[in-house]
Amino acid sequence: MAAPESGDGNNGAARMVTLISSDNTRFEVEAAAASLSQTLQLTILDGGGGGGDGIPLPNVDSATLSKVLEYCIKHAPAAANGGAPNATAVDRAELERFDNEFVNIDQSVLYSLIMAAHNLEIEGLQSLVAKKVADMIKGKSPMEIRRTLGFPDPTPEEQAEMNAHMLEYGWAYE
Amino acid sequence: MPRRPPPLIDDVVGEILLRVPPDEPAHLVRAALVCKPWRRILFDPAFRRRYRAFHRTPPLLGFLRFEMVHPDLKFVSTAAASPFPAQAHPNFSTPAHPNFSTPAHSRRQWRTLDCRHGRVLLYSFRTRRPGRLLLWDPITGGKQRFPMPDDPSPEIFSAAVLCTADSCNHLDCHGGGPFRVVFAGTDQDYVTWVTEFSSETRAWSALTKVDFRIIASNRVGLAPAFDSFVSLRPSLFTGDAVYFILEKEKAILKYDLDGRGVSVIDTPRVYRKRIILMTAEDGELGFAGLKDCDLHLWSWKPNAKGIPGWMQLRVIKLKSLLSVSESCYSSPQVIGFAEGTDIIFISSNDCIFTLKLKSGQVKKVGRRFNYEAVVPYMSFYAPDLVGVRPSPP
């Protein structure tokens, strides 16, 4: 494998790192993109992830990791600009369009994604997905929210508690 | 077969719930009923502080009428599901607000004078002094009465209620805390005066008087007419001052909250219809006026030489915005502004609309009924305030 040596990466080509998903798929990605994750950034600053080693991510499967990296690669240039204060309106609009498309995905992927964003500490991705899930639950009843999020059906005890509270908050169900 | 999603840990649920918008109180209430862990998060005071800080300004939940002739405390909700009964009234008891009932106060006729920082200021012509003013917190049900300023007796007036709690960010003010009420009135001799009530001293301050006859005779060019008077329109609080509209010439009375000084600001005299005070986009004093079907937004700001003057910021064509219904855009009036937001209230022949200035979004929120103006009510609504608390985990 021709991955560059770990080091300061100042020799022209962008420094690459390898990430390994829970199902053992290897992803090679620019260090700048992977560094959107606060967790990975520390490892990478320590010189990890280069060469044949790779950084194992036992909590993230390959489908989720490939989504995570798609986000990181798109957002890395703006993040390198320090939140892109000098980005053009066109750039910002393009990122916004990308974000909207990006979360337009199957719910189960969204949940894996938000957990991965949380574990890897990718703030922008976490808030993007959290906003999407918040929008999904905001018009729904407690039972609909449970179903949307794949909760098991409530136990009789939980159901009784829900009913009692729903009675108390009748106005919220008109 | 669809994959069962992974369980969401509390931190992640918190991030999601944080982003549920505050303008529909029912959304968080329903979320609170999903399961115990969610309730625990939503009832956690630290979460609620974070939630308020995240959304920054209390959302508009509804409005009351600023109406002198027909007292009516109808609370008109701007949310689809409202925690307040349609006949919100400090005397009414409702299941959601068991604290409301106070028989001693029944039969009184209260009118809405102002609303700010979680409190509604009401007054009554009918009840005897002391206690013609009533401060009411619609969420907690808390209320307290205090007298009107009684000497001289105002013929016509407006008022502003403000929270005065130390270092309060005004995101979660409620009726129990310290407050001041600034009261501006005009007496029979066209002398306008301002006085303020402090909840700490329980007394009104000495009057600060403005005699328009003197101002009018000393000024060249535009000056308020000698018979100007405080308009029956809602006040505005921004910066370190509160503002009141003066009739008949359109001018604005400024009361400096620190120095307690009073000054008068003229407005461009191009509007036949009544204007509404608002904060401009940069937080400075502004007003909205209507010319035909065009809404003009003005800001009072210094020019290049540092001399303050009126600057027209925007013109919004209402005709295209309100075209949802033919009958709705005829004879529009601007009747309110929700402080801290970008929402303006417009009334027309038979409808009341909110208009979000940034997005241009228009929403029909009620039917018109001889509104002088509206007093918008803004507050965060936390699910536990009305008594249901989660059982211990």
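I count as a salt bridge a side-chain nitrogen of Lys or Arg within 4 Å of a carboxyl oxygen of Asp or Glu. The model is predicted, so I set the limits by its rules: local features need pLDDT of at least 70, side-chain atom pairs need pLDDT 80 or more, and totals for chains, interfaces and linings use all residues. Residues are numbered from 1 along each chain as its sequence is written, chains are lettered from A in the order in which they are written, and side-chain values use heavy atoms, without hydrogens and water.

**Entry 1: the two domains of chain B**

I looked up the domain bounds, which come from an automatic or database assignment. Chain B has domain 1 at 10-56 and domain 2 at 57-386. With contact taken as heavy atoms within 4.5 Å, 14 residues of domain 1 of chain B meet 17 residues of domain 2 of chain B.

I then looked up buried area, the accessible area (1.4 Å probe) that two parts lose on being put together, summed over both. Between domain 1 and domain 2 of chain B it is about 1300 Å², with 68% from carbon and sulfur atoms. B:Pro25, B:Arg52 and B:Arg56 supply 39% of the area that domain 1 of chain B buries there, more than any other three residues.

I found a count of 1 salt bridge between these domains. B:Arg52 also forms a salt bridge with B:Asp172, with the closest N and O atoms 3.4 Å apart. For helices I used DSSP runs (H or I, at least four residues), numbered from the N terminus. Helix H2 (25-32) and helix H4 (45-55) of chain B each give at least two residues to the side of domain 1 that touches domain 2. H4(B) gives the largest share, 5 residues.

**Entry 2: chain A against chain B**

The chains bury about 3300 Å² between them, 69% of it on carbon and sulfur atoms. In chain A, A:Lys138, A:Tyr169 and A:Trp171 lose the most area to chain B, together 22% of what that side buries.

The count between chain A and chain B is 1 salt bridge. I list B:Arg39 with A:Glu161, whose side chains meet in a salt bridge at 3.2 Å, N to O.
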